[in-house]
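Here are a few exercises to work through with the model open in your viewer. Try each task before you read its solution.

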Amino acid sequence: MDEVRLIEVKEDILADNKKVAEGLRQKLAKDKAFLVNLMASPGAGKTSLILKTIEVLRADLNIGVIEADIDSKVDSEKVAAQGIYAIQLRTGGFCHVDATMVAQCIDAMDVKAFDLILLENVGNLVCPAEVDAGATLNAMILSVPEGDDKPLKYPLMFSIVDVLVVNKIDFLELSDFDVDVLRKRVLTLNPGIKIFEVSSQTGQGIEAWANWLKEKVYASIK
Amino acid sequence: MHELPVIESILKVALTHGQKNDVQKITAIYLQVGELSDLEDEWMQRYFDYLSKDSIAEGAQLKIDRVPVMMQCEDCTISFQVDIKKIDEIVCPECNGKSNKLISGRGYFIKNMEVI
Ligand SMILES: Nc1nc2c(ncn2[C@@H]2O[C@H](COP(=O)(O)OP(=O)(O)OP(=O)(O)O)[C@@H](O)[C@H]2O)c(=O)[nH]1
Ligand SMILES: [Mg+2]
Ligand SMILES: [Zn+2]
């Protein structure tokens with residue numbers, strides 16, 4: 001009597017992660033630490049922007065860095081070389097970090113000692129957009145060489161972030177990247193988003209971004 | 001390979017519900033997937049077949065329903081469906097407003113399963 005029957009499931013498969021992410025955000029708020037989840041394609045300039053941001057903010061804020069890499073310590077060593085606390089998060093081959101992995105990292109560091117924690121997510125625009133890492137602020141970097149059509153290809157990422165940093169603007173004159181077109185596309189998907197244009201090479205625009213971030217941190221950890 | 005973590009979660013939820021309901025075999029899983037998801041049906045099935053081997057979900061078909069992307073106009077509050085590939089042309093069909101916020105088209109939801 002093998003009858004086929006239908007059973008109800010009605011479950012959001014990311015619900016477990018969302019719960020952990022909410023818990024992490026509450027813990028961070030309680031411990032007065034501000035976690036920024038930095039997402040971008042490989043090579044967009046995540047590590048470079050982290051280093052530049054640290055230069056501007058290190059006098060005012062205690063900063064820590066979480067480096068998520070599939071399997072390398074190159075980036076965390078660059079950060080540690082600046083005398084900044086960096087912890088390596090091993091994703092075990094995963095293409096993104098989830099809230100549980102981040103929470104483990106946060107537990108392993110003395111989180112109360114930090115005002116600002118910068119998380120370099122794994123380089124990819126797909127999965128980090130789907131999976132809430134539990135951060136206070138979600139940020140994306142798009143670099144000029146990637147093109148102004150990326151919102152058409154990865155709409156989810158552009159729609160979930162609080163802030164977009166357009167990096168490598170020193171490349172603008174060499175490319176057909178149109179910042180106005182990009183802005184229009186991004187604002188269509190996400191009217192509330194904040195957009196900065198920077199170069200992590202020349203330092204152009206870095207102050208504006210870093211100071212905006214500092215205000216956010218102050219407002220939340222006060 | 002971006003399918004892997006999502007498929008793992010789908011399988012986990014499916015197996016939990018299978019065990020709870022004392023089923024011998026899961027033959028189909030009905031899913032709602034937001035159109036903003038970059039995962040392709042064919043690849044989701046392939047990864048599922050791979051991960052579900054030797055479990056009660058082996059051989060189950062993923063029946064995937066795409067949830068359309070909807071936006072809501074901030075000016076006149078009506079909701080409308082959009083083609084996200086044409087974002088250069090998205091305006092509110094009612095008032096031509098350009099401040100529209102995304103209200104659906106995300107996520108992965110398991111509706112139900114066919115089981116034996
Ligand atoms: N010209 C220019 N080069 C940049 C800029 N920002 C980063 N780069 C260069 O781009 C390359 C990649 O930068 P990273 O900071 O390592 O990028 P990432 O996103 O951390 O890369 P992965 O961690 O490998 O995914 C390096 O050679 C940087 O020097 C920029 O604003 N302008
Ligand atoms: Mg890096
Ligand atoms: Zn309208």
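What follows is a set of tasks on an interface, a ligand site and a salt bridge, each with its solution.

This is a predicted model, where local features need pLDDT of at least 70, side-chain atom pairs count only at pLDDT 80 or more, and totals for chains, interfaces and linings use all residues. Residues are numbered from 1 along each chain as its sequence is written, chains are lettered from A and ligands numbered from 1 in the order in which they are written, and side-chain values use heavy atoms, with hydrogens and water left out.

**Exercise 1.** Work out how many residues of chain B and chain A are in contact, and what area the two chains bury.

*Solution.* Start with contacts (heavy atoms within 4.5 Å): 38 residues of chain B meet 35 residues of chain A. Next, take the buried area, meaning the accessible area (1.4 Å probe) that two parts lose on being put together, summed over both. That comes to about 3400 Å², with 62% of it on carbon and sulfur atoms. Then look at who contributes: B:His2, B:Ile87 and B:Tyr108 supply 17% of the area that chain B buries against chain A, more than any other three residues.

**Exercise 2.** Which residues come nearest to ligand 1?

*Solution.* Count a residue as near if one of its heavy atoms lies within 4 Å. Of the 17 residues around ligand 1, A:Lys46, A:Thr47, A:Ser48, A:Asp170 and A:Ser200 come nearest. Then check polar contacts (here, a pair of N or O atoms within 3.5 Å). A backbone N or O atom of A:Gly43 sits 3.1 Å from a ligand 1 oxygen, and the side chain of A:Asp75 has an N or O atom 3.0 Å from an oxygen atom of ligand 1.

**Exercise 3.** Why are A:Lys78 and A:Asp75 separated by about one helical turn?

*Solution.* First, the pair forms a salt bridge, the closest N and O atoms being 3.9 Å apart. Second, A:Lys78 and A:Asp75 are separated by about one helical turn because they are three residues apart in helix 3 (residues 74-80) of chain A.

How values were computed:
Polar contact = N/O pair within 3.5 Å; in protein donor to acceptor, adjacent residues only side chain to side chain. Salt bridge = Lys/Arg side-chain N within 4 Å of Asp/Glu carboxyl O. Helix = DSSP H or I, 4+ residues; strand = E, 2+ residues; numbered from the N terminus.
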